[in-house]
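I opened this entry to look up pockets, aromatic pairs and charges over rings. The notes follow in the order in which I checked them.

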Amino acid sequence: MNILGIIVFAVIAIVVLIIIVRNIKVVPQAHAYVIERLGAYYQTWDTGLHLKVPFIDRISKKVSLKEQVVDFPPQPVITRDNVTMQIDTVVYFEITDPKLYTYGVERPLDAIENLTATTLRNIIGDLELDSTLTSRDTINDKIRIILDEATDAWGIKVIRVELKNILPPREIQDAMEKQMKAERERRARILDAEGEKRSQILVAEGLKESAILKADAVKETKIREADGEAQAILAVQKAYADSLKMLNEASPTDQVIALKSLESLQKVADGQATKLIIPSDLTGIAGLATSIKEVLTDPKK
């Protein structure tokens, strides 16, 4: 083999090596490659190392399997009560079948945008303005279900749809702001009235409790005074009863009884009575009193 043949062989070997190296492909994580052979779909490469047949196979599309987010511009829609507003949507989706995504529809994102706009118009067209503003979650779910069913044939799964902004006409916004302001003022007046009512109730309850406590105090005072008087009367009666008992137990003589009668007579005489009844045996009592006086005054005795 001459030198020229060696050079040609070396060149061919280098070219073949370069071609092989250039056709070694590594598919990264969360990606897929759609491979065509001679212009027709051949297979889908998953994550890993792959070898492409030179000049026969080609990578038709590199597909990301991650969840993707598309923010579509505002779309004009008309409600059932003929209010035109601008609504922009955000769609979250992921590709589940790279083959269908590649060959199912031309420009899949444009197709999703147009489908979202028409679906949004259909749904909003059946709602009034107030229902549209208060039914975001319902509208989101309806759009997601419709989009998910329609995009199955494209290898796309719609995960979530959100209405980003709902912008009514300026005059509608002004009217809504006035309505909200009036509602806030009404609620403030109601709160003030309830606070005033509560304050008056608390004051009335305080006065009522104060009167009850005062009446209870007066009642307690009178009860204590009556109880004290009753106890005093009982004590006097008890002392009197005890004195009678002691007197009876001592077996008093007629002279002692007469002396006690005189003491009682003296107390009666000191009173304010205008009449004085003297018992029939007053002479005997007087004589006894004189005898007692002589005994007390006679120094010999």
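**Largest pocket**

I looked up the largest pocket and found about 180 Å³ of space in it. The model is predicted, and I read the entries below with that in mind.

I listed the lining next: Leu 129, Asp 130, Leu 133, Thr 134, Met 176, Gln 179 and Met 180. Two elements each give two or more residues to this lining, namely helix 4 (129–134) and helix 6 (170–249). Helix 4 contributes the most, with four residues. Sorted by class, I have four nonpolar, two polar and one charged residues in the lining.

**Aromatic pairs**

I searched for ring pairs and the count came to one. The partners are Tyr 41 and Tyr 103, with 6.1 Å centre to centre and 80° between the planes. I logged the pair as edge-to-face, because planes over 60 degrees apart count as such.

Tyr 41 belongs to strand 3 (residues 40–45) and Tyr 103 to helix 2 (residues 98–103), so the pair ties together parts that are 62 residues apart in sequence.

**Charges over rings**

I noted Arg 37 over the face of Tyr 42, at 3.9 Å from the ring centre. I also noted Arg 160 over the face of Tyr 92, at 4.2 Å from the ring centre.

Methods. Residues are numbered from 1 along each chain as its sequence is written. This is a predicted model: local features need pLDDT of at least 70, side-chain atom pairs count only at pLDDT 80 or more; totals for chains, interfaces and linings use all residues. Side-chain values use heavy atoms; hydrogens and water are left out. On a 1 Å grid over the protein atoms alone, a cavity is a set of points where a 1.4 Å probe fits but cannot get out, and a pocket is an open set with protein on both sides within 12 Å along at least five of seven lines; lining residues have an atom within 4 Å of a point. Grid points are joined across faces, edges and corners, and a volume is the space filled by probe spheres set on the points. Ala, Val, Leu, Ile, Met, Phe, Trp, Tyr, Cys and Pro count as nonpolar, Asp, Glu, Lys and Arg as charged, and the others, Gly among them, as polar. Rings of Phe, Tyr and Trp (its six-membered ring) pair if their centres lie within 6.5 Å; planes under 30 degrees apart count as stacked, over 60 as edge-to-face and the rest as tilted. A charge sits over a ring if NZ of Lys or CZ of Arg is within 6 Å of the ring centre and within 35 degrees of the ring normal.
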